[in-house]
Amino acid sequence: MTTVDESELRSFLHEHTPKWITEQEASLRVIAFPLTSELHERLAPFFGDTLADARISSVPMSSPAWYSDLLGRGVDQRDLLDFSNLVAITFNTAVNLLPDAPEPTMGLLFHEFVHVLQYRLLGVQEFARRYVDGWLAGKGFLDRPDLRYVSIPLERQAYDLQARFAAAPDSAFSVEAALQQETATA
Ligand SMILES: [Zn+2]
């Protein structure tokens, strides 16, 4: 058995995650729905035409099948983000909400659409690379997956904008402009 070191794990995740995201997006889009006109109207002032192509589904999620290969090769389970219990997850244009979770709040949906926009600005490849790097950089939170998760810069950005929305839900701002500004100053 060969043990996978951190740089091998990083390369593996960089290589396999974009493909996994694209596959998840494709299979979810088959069963997903466009936003209701009510939801679209509520969020369009923030997201513009990004919402037109977004789809929402609600099915159980699993982590990638190749996690078991990695575990078999000695990777610490705590180094693999568990996608199966997230209340919501976004694969490019497809937002999936965990069934049996409480009714999603407008704030949660806002957060997920920030991810849709991040994907659109970065592309799937770059989004995945930044997400993986952000996750791996949080090794200090090995036993606190919740903190490790929110320390990922793409997540922090989504939580910050979600908070800005929650603080003033009627003050429209361009999420795209906010993201671009942050990218420019980062
Ligand atoms: Zn998120």
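The legends below describe close-up views of one predicted model.

The numbering of residues starts from 1 along each chain, following the sequence as written. Because the model is predicted, local features need pLDDT of at least 70 and side-chain atom pairs count only at pLDDT 80 or more, whereas totals for chains, interfaces and linings use all residues.

**View 1. Helix α2 crossing helix α4.** Helices (H or I, at least four residues) and strands (E, at least two) are DSSP runs, numbered from the N terminus. Helix α2 covers residues 37-47 and helix α4 covers residues 106-122, and their axes come within 11 Å and cross at roughly 50°. Axes here are lines fitted to C-alpha atoms, for helices over the stretch in contact, and the angles run from 0 to 180 degrees between N-to-C directions. The two helices α2 and α4 are therefore oblique to each other, given that angles under 35 degrees count as roughly parallel, over 145 as roughly antiparallel, 65 to 115 as roughly perpendicular and the rest as oblique. The crossing in which α2 passes α4 is right-handed; a crossing is right-handed if the near helix is turned clockwise from the far one by less than a right angle, and left-handed if anticlockwise. On the α2 side the contact involves L39, R42, L43 and F47, which meet M106, L109, F110, F113 and L117 of α4, where two residues are in contact if their C-beta atoms, placed from the backbone, lie within 7 Å. By class, this contact of α2 with α4 has eight nonpolar residues, no polar ones and one charged residue. For these classes, Ala, Val, Leu, Ile, Met, Phe, Trp, Tyr, Cys and Pro count as nonpolar, Asp, Glu, Lys and Arg as charged, and the others, Gly among them, as polar.

View 2. At 1.5 Å a residue, the 17 residues of α4 should span 24 Å, and the C-alpha atoms at its ends are 24 Å apart, which agrees; the expected span is 1.5 Å times one less than the number of residues in the helix. Buried residues of α4 include L109, F110, E112, F113, L117 and Y119, a residue being buried if 20 or more other C-beta atoms lie within 10 Å of its own, exposed if 12 or fewer, and partly exposed in between, with C-beta atoms placed from the backbone. Just after α4, G123 takes a positive phi of about 85°.

**View 3. Helix α4 packing with helix α5.** The helices α4 and α5 pack at an angle of about 115°, with their axes 6 Å apart, and their crossing is right-handed. In this contact Q118, Y119 and L122 of α4 meet V124, E126, F127 and R130 of α5. The residues of the contact of α4 with α5 divide into four nonpolar, one polar and two charged.

**View 4. Helix α1 against helix α5.** Helix α1 (residues 6-31) and helix α5 (residues 124-137) have axes that come within 9 Å and cross at roughly 140°. That angle makes α1 oblique to α5, and the crossing of α1 and α5 is right-handed. From α1, the residues E6, R10, L13, H14, T17, P18, I21 and T22 meet V124, Q125, A128, R129, V132 and L136 in α5. By class, the contact of α1 with α5 has seven nonpolar, four polar and three charged residues.

**View 5. Two loop residues with positive phi.** Most residues other than glycine have a negative phi. N92, in the loop between β2 (88-91) and β3 (94-97), has a phi near 60°, a positive value in a residue other than glycine. N92 is buried, with 25 other C-beta atoms within 10 Å. D100, which is placed in the loop between β3 and α4, has a positive phi of about 75° although it is not a glycine. With 8 C-beta neighbours inside 10 Å, D100 counts as exposed.

View 6. S62, in the loop between β1 (55-57) and α3 (67-72), is exposed, with 10 other C-beta atoms within 10 Å. S62 and F83 are 21 residues apart in sequence, and their C-alpha atoms are 6.2 Å apart in space. S171, in the loop between α7 (153-167) and α8 (175-185), counts as exposed with 10 C-beta neighbours inside 10 Å. S171 and F46 are 125 residues apart in sequence and 9.1 Å apart in space, C-alpha to C-alpha. L147, in helix α6 (residues 145-150), counts as exposed with 11 C-beta neighbours inside 10 Å. The C-alpha atoms of L147 and F173, 26 residues apart along the chain, are separated by 28 Å.
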